[in-house]
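Please walk through the following two-chain model, starting from overall dimensions and ending at the contact between the chains.

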Amino acid sequence: MKRNTKIKIVYVSSYILFLIVSFVFGFNPGKEIAFNFISFFIYMLKILPCAFVLIGLFEVWVKKEVIEKHLGEESGIKGYAWVILLAGTIAGGLLVAFPIAYSLYNKGAKLSIVFTYIGAAAICRVPMTLYETSFMGVKFTAIRLLVSLPLVIITSILLGNYLSKRNYKIAEGK
Amino acid sequence: MYYAYTITGLVLIISFIINKQKTLKAVKIAVVKFKKIFPTFITMLILVSIILFLFPDEAISNYLGNSSKFISVLLASFIGSITLMPGFVAFPLSGILLTKGVPYMVLSAFTTTLMMVGIITFPLEKEYFGVKVTVIRNTISFFIALAVAIITGIFFGEIF
C-alpha cells in the first residue's frame, strides 16, 4: 500500500470516528459537520453520475480528429466560441468541469482552449446566469460576464502558451 | 437537475440503439473514471463540511456587512475562495445581503471568487492538472475576480 493511501485511510477514519463520537455525546459542531457532509454528498451524487456517463459517451463516440480540428492547435477563434458555448450549457460548475476538461485535452484540444473551458464553466453557465440576474439584476451579471470572460480567454491563452513552451503534459489515466 | 437526467438518459438510449457495444464501453469508462476520482471527492467533501461549519451563512453576512468597502472586498474574495457553495445557495444569500446594504462590488468579489477560485477543490483539480497548474489557475482567477469587483464598483458608483 502506498504511503499516501495510508494517510488517507487514517484521516478519513478519524473523521468518521469524530462524527460518530459527536453523535454519541451530542456534540453539536460534529453533528453540523456531519450534516454538511451528507447534504453535499447528496448534491454531488445528483450531478456526478450524469456527468461521468456523458464523459464516457463522449470518449467512445467523438473522434479525436474532430476535436483536434475544432479545438486543437489549428482551431483559431472559433474554437474558443465553441468551447464557451459548450461550457455554458453544462451544469455542475468546477466539479464537473475538471473531468470534462481532462477528456477534451486527451482528445486533442489545446491547452488554452481547455483552460478557457474551465473558466467559462465557472462563470457563464446559462441556467446559473439567469438565476443570478433574478437576484442581482441584469446590470450586475452583464458587468461580471463582460469583464471576466475576455480576461479568462486572454489569461488562458497566455497560460497555454507558457505551458506548451515548457512541454507541460497533463497526468495520464485519470 | 431533472433536465440533466432526461438528456443523459435520452442520449444513452439513442447511443444504445445505434451501437450496443460502444454504449456498454462508454458506461464502463464512466464507472472506471468515477471510481478513480471518488476518493478525491470524499477528501474534498470532508474539507467542505468543515469549512462550511467554520463559515456559516450568518458569519459570512457579518464579515461582508461591517467594515470599510475595500476591506470587505478583500474579505469577500477570501471567503469566496475558501468556501464552496452551489449557485442556488450563493445567489439568494447575496440577494439578501444586497437588501441589507452590502455594496455590489463586495458581492461581486464574493460570487466571482466562489465560482472561479477553488481552494477546496484543490485536491480534485490537482489530480487532473497537477499542483503547479492548479496554483497558477487559481491565482489568476483570484485577480480576475478582483478586477470584476473593482469594475462593478465603478459602474455602480461605489468607488468614485
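Along the principal axes, the C-alpha atoms of chain B fill a box of roughly 65 × 30 × 30 Å. This is a predicted model, in which local features need pLDDT of at least 70 and side-chain atom pairs count only at pLDDT 80 or more, while totals for chains, interfaces and linings use all residues. Residues are numbered from 1 along each chain as its sequence is written, and chains are lettered from A, with ligands numbered from 1, in the order in which they are written.

Helices (H or I, at least four residues) and strands (E, at least two) are DSSP runs, numbered from the N terminus. The pattern along the sequence is α-α-α-α-α-α-α-α in chain A and α-α-α-α-α-α-α-α in chain B.

Domain bounds come from an automatic or database domain assignment. In chain A the assignment gives domain 1 (1-49) and domain 2 (62-174), with 32 Å between their C-alpha centres. In chain B it gives domain 1 (1-39) and domain 2 (55-155), and here the C-alpha centres lie 34 Å apart.

Within chain B, helix α2 (residues 20-54) packs against helix α7 (residues 122-129) at an angle of about 150°, with the axes 8 Å apart. Axes are lines fitted to C-alpha atoms, for helices over the stretch in contact, and angles run from 0 to 180 degrees between N-to-C directions. α2(B) and α7(B) are therefore roughly antiparallel to each other (angles under 35 degrees count as roughly parallel, over 145 as roughly antiparallel, 65 to 115 as roughly perpendicular and the rest as oblique). From α2(B), the residues I37(B), T40(B), F41(B), T43(B) and M44(B) meet P123(B), L124(B) and E127(B) of α7(B); two residues are in contact if their C-beta atoms, placed from the backbone, lie within 7 Å. By class, this contact has five nonpolar, two polar and one charged residues. Ala, Val, Leu, Ile, Met, Phe, Trp, Tyr, Cys and Pro count as nonpolar, Asp, Glu, Lys and Arg as charged, and the others, Gly among them, as polar.

Between the chains, the contact takes 54 residues from chain A and 59 residues from chain B. On the side of chain A that touches chain B, α1 (3-25), α2 (28-61), α5 (93-106), α6 (111-123), α7 (126-136) and α8 (138-165) each supply at least two residues. The largest share, 22 residues, comes from α2(A). This side of chain A has 41 nonpolar, six polar and seven charged residues.

One helix pair spans the two chains: the axes of α8(A) and helix α8 (residues 131-155) of chain B come within 9 Å and cross at roughly 150°. α8(A) and α8(B) are therefore roughly antiparallel to each other. Residues in their contact include F140(A), V147(A) and L151(A) from α8(A), and I136(B), I144(B) and V148(B) from α8(B). By class, the contact of α8(A) with α8(B) has 15 nonpolar, three polar and one charged residues.
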